[in-house]
Amino acid sequence: MDPSALSLAWVGRFAANDGPRYLQIVGFMEQAISDERLRPGDRLPPQRQLAEYLQVDLTTVTRAYGEARRRHLLEARGSAGTFVAAPKVDLSQLIDLSMNIPPPPAGIDLNDLLRQGMSQVLIHSDADLLMTYHLGGGSSADRAAGAMWMQAMLGPVDEARVLACPGAQSALAALVLSQTRPGEVILAEPLAYPGLLTVAAHLGRRVMAVDVDDEGMRPDLLMTMARRHQARLVYLNPTLQNPTTRTMPATRRAEIAALATRLDLRIIEDDPYWRFAAHAPRPLAHYAPGHVFYVSTLSKCLLPGLRTAYVLMPERQAQEEVLGALRSFVLMSTPLMTALSTQWIHDGTAATLLEGIRSEAWARHELALRTLGGAGLSAGGGIHLWKALPAHWQGQEFVLKARQAGLNVVSQSSFAVPQEGREPGADSSGQGACIRISLGRSRSRFELVNALRRLMELAQRRSPREVVV
């Protein structure tokens, strides 16, 4: 084969809706490096040759090569040309596979998006108004944006029932504070979001586990535990559950909703990952609108810096109690960030950004499945995986050894909810020790694949003591 044809075999085809072409070229490189069609030391074609091949301006290719060098994908060797870089090991910083954040959006220049968004905010808003105190719960425009955001999950939403809050964690704290009393029990699944456990501990509430089966929380045990502990509040994360990635089917959601209605329970439905699931059922709030506080945050599916979450209040539920609890520790949402969220939802930018992030998340998900293999792996298409460790490892021991090897992961003990008659963190499934692997924090697919390979090499070592840093 002609050598020039070999040097271009990694190039893909441009897509109309995948963002600027220079970023698509970088995406071709990342994909080829991850798939090992491009290997460290391979020489890339001269920029002019690639521009002619792709029928784009030379400046487009120049910008792509510059961005690829910034991401440590390529290295220039003067007159010798441009080559695929060897994996760069940063000894000063761990590779973080522990934090659940959305990945960088595919095909989108985030700097340009932020500049345009803030420009639009300043055009449509008074600067003095953005820098003063605001009422809790958001303006009418903010609540309307929340209703628009949740329409994909719930259909038409009454914006009068929507509260805009400064992040899901503060919303969760306000709901726990307003809906329970000190010493009361909150019911949750045996493995649950650590933020719930932190809130409960600081507010003097107790979280108790209701056991699960393959479909999630068991309704019969929920009824037993609610009566035994006189519990009034249940916490659930039914779609791509954190950490197990389980999605509760519609039939189970309907059963739990019916039970909540019969027992007059209130449910906090924490639903940050619904938009990553390919065929997610309707939320619990659809089945029991009078009993569910539905929480949807932008931080897990758009940008962590957008500290905006929306709470859909139950029908006929007074808002002042929740807003009063929220004001006790955070007076209001940050007006500038809330205004940016509102602007982006109203003008369609949020939808465009979401598509780019979902595209990148699903690409990383597929790469992770190929790299890790299917054994002991739970994966639902979101931004994290749940991986069973070989039998010779314990969860926290593996986390410590992984950190020594420059990798950050989280074990099941971080998610463990106390269970009656069972050791804290024990897994009723008999699966053994597990870790959650987050896919979004790595700066590139290339870095992610290398981190996952190192993680698997560590997990497969027979003796936990045999660790090479």
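Author: A definition to start with: a crossing is called right-handed if the near helix is turned clockwise from the far one by less than a right angle, and left-handed if anticlockwise. Keep in mind that this is a predicted model.

Reader: Fine. Which way does helix 16 pass helix 17?
Author: The crossing of helix 16 with helix 17 is right-handed. Helix 16 contributes Phe398, Lys401 and Ala402 to the contact, and helix 17 contributes Leu455, Leu458 and Ala459.

Reader: Next pair. How do the axes of helix 2 and helix 4 cross?
Author: At roughly 50°, and the axes come within 8 Å. Helix 2 is therefore oblique to helix 4. Their crossing is right-handed.

Reader: Which residues make the contact there?
Author: From helix 2, Arg21, Tyr22, Leu23, Ile25, Val26 and Met29; from helix 4, Thr60, Val61, Arg63, Ala64, Tyr65, Glu67 and Ala68. The contact of helix 2 with helix 4 has nine nonpolar residues, one polar and three charged.

Reader: Pockets now. How much space lies in the second largest pocket?
Author: About 470 Å³. The lining of the second largest pocket has 26 residues, and Met99, Asn100, Tyr193, Tyr273 and Lys300 lie nearest the centre.

Reader: Which element gives the most to that lining?
Author: Helix 8, with three residues. Helix 8, strand 11 and strand 12 are the elements that give two or more residues to the lining of the second largest pocket. By residue class, the lining splits into 14 nonpolar, eight polar and four charged.

Reader: And the backbone: which peptide bond is cis?
Author: The one from Asn242 to Pro243, with omega near 20°. Pro243 sits in the loop between strand 10 and helix 11.

Reader: What is the phi of Gln230?
Author: Positive, about 50°, although Gln230 is not a glycine. Gln230 is in the loop between helix 10 and strand 10.

Reader: Why flag those two?
Author: Because most residues other than glycine have a negative phi, and most peptide bonds are trans.

Note on methods. Residues numbered from 1 in each chain as written. Predicted model: local features only at pLDDT ≥ 70, side-chain atom pairs only at ≥ 80, totals over all residues. Heavy atoms only, no water. Helix = DSSP H or I, 4+ residues; strand = E, 2+ residues; numbered from the N terminus. Contact = heavy atoms within 4.5 Å. 1 Å grid on protein atoms, 1.4 Å probe; cavity = no way out; pocket = protein on both sides within 12 Å on 5 of 7 lines; lining within 4 Å. Points joined across faces, edges and corners; volume = space filled by probe spheres on them. Nonpolar A, V, L, I, M, F, W, Y, C, P; charged D, E, K, R; others polar. Axes fitted to C-alpha atoms, helices over the stretch in contact; angles between N-to-C directions. Parallel < 35°, antiparallel > 145°, perpendicular 65-115°, else oblique.
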